Amino acid sequence: MTDTPRPAVVLLSGGLDSATLLAIAKDQGFAPHALSFRYGQRHLIELQAAARVAEALGAAEHRIVAVDLANFGGSALTADMEVPKHRDVGEIGAGIPTTYVPARNTVFLSMALAWAEVLGASDLFIGVNALDYSGYPDCRPEFIVAFERMANLATRAGVEGRERLRLHTPLIELTKAQIIRSGLALGVDYGLTFSCYDPTANGQPCGGCDACLLRAKGFAEAGVDDPVAAKVFVH
């Protein structure tokens, strides 16, 4: 008789980082409940990718929740602003770009925390990365530490001392190449994922936004081809 896997809430965007994250959570023996968001982003291709990834990797459940951050704007991903293109890869991460969505990870983790309380889960997974990333303030280790501390003050289980909530960030100190190699070792099909901020009219990655550039860098350094490069997706 085997132990029942413990539930965990895993944030799943549909990109390569979050797909790897889901595979890691599953490999660590959790029953991953995948959570994605329709937050007013420029396109929904990433949500279609999230659904594919959740099914392929055997998520216990996958929910897509609407939280319309486009009501506030302030980001090239949620407002009528130009997405930066063709930046020098070495400069990405040096500042906070216009693709930063104000408080996005704070909002997403708060929703994940609410679901975790309902599930009786004490584990949250988020695929933040502090090496090959776009310079977002809510991807830094300091933010993660602070949110975990807050979460244990904000939940009934934490206050009653029944269980301590843990925020897992297994990708935070990995390069994109290391993330890709880890995912391939766990059987992740990166052809199911999508990373581009600003896809073309026929649904192909633009090839020039920060997400595309970092993805290309990761696959090149990992020494493998990106299976998405030749695919066409539909909005």
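Predicted model: local features only at pLDDT ≥ 70, side-chain atom pairs only at ≥ 80, totals over all residues.

Does Gly-15 count as buried or exposed, and why? Gly-15 counts as buried because its relative accessibility is 9%, under the 20% limit for that class.

**The annotated segment**
- According to the unreviewed UniProt entry, a "binding site" covers Leu-12, Ser-13, Gly-14, Gly-15, Leu-16, Asp-17, Ser-18, Ala-19, Thr-20, Leu-21 and Leu-22.
- Of these residues, Leu-12, Ser-13, Gly-15, Leu-16, Asp-17 and Ser-18 belong to the lining of the largest cavity.
- Gly-15 is placed in the loop between E1 and H1; leaving out residues up to four places away in sequence, Gly-15 touches Thr-193, Phe-194 and Ser-195.
- Leu-12 also has its place in the loop between E1 and H1.
- Leu-12 is buried, because its relative accessible area is 2%, and the limit for buried is under 20%.
- Beyond its neighbours within four places in sequence, Leu-12 is in contact with several residues, including Ser-18, Ala-34, Val-53 and His-62.

**The cavity**
- Searching the whole structure gives 1 cavity of 30 Å³ or more.
- The largest cavity holds about 810 Å³ of space.
- Its lining is made up of 37 residues, and Ser-13, Asp-17, Arg-104, Tyr-136 and Tyr-197 lie nearest the centre.
- Two or more lining residues come from each of helix H1 (16–27), E2, helix H2 (45–56), H3 and helix H7 (210–222).
- The lining of the largest cavity divides by class into 19 nonpolar, 11 polar and 7 charged residues.

**The largest pocket**
- The volume of the largest pocket is about 170 Å³.
- Among the residues that line this pocket are Phe-194, Ser-195, Cys-196, Arg-215 and Asp-226.
- The pocket lining has 8 nonpolar, 2 polar and 2 charged residues.

**Helix H3**
- Helix H3 (residues 104–119) contains 16 residues and spans 23 Å from its first C-alpha to its last, close to the expected 22 Å.
- Buried residues of H3 include Arg-104, Phe-108, Leu-113 and Trp-115; Arg-104 is also one of the residues nearest the centre of the largest cavity.
- The partners against which the buried residues of H3 pack include strand E1 (6–11), strand E2 (30–38) and helix H4 (141–154).
- After H3 comes Gly-120, which has a positive phi near 75°.

Notes: Residues numbered from 1 in each chain as written. Heavy atoms only, no water. Helix = DSSP H or I, 4+ residues; strand = E, 2+ residues; numbered from the N terminus. Expected span 1.5 Å × (residues − 1). Buried < 20%, exposed > 50% of the residue type's maximum accessible area, 1.4 Å probe, protein only. Contact = heavy atoms within 4.5 Å. 1 Å grid on protein atoms, 1.4 Å probe; cavity = no way out; pocket = protein on both sides within 12 Å on 5 of 7 lines; lining within 4 Å. Points joined across faces, edges and corners; volume = space filled by probe spheres on them. Nonpolar A, V, L, I, M, F, W, Y, C, P; charged D, E, K, R; others polar. UniProt positions renumbered as here; feature names shortened; annotations may be inferred.
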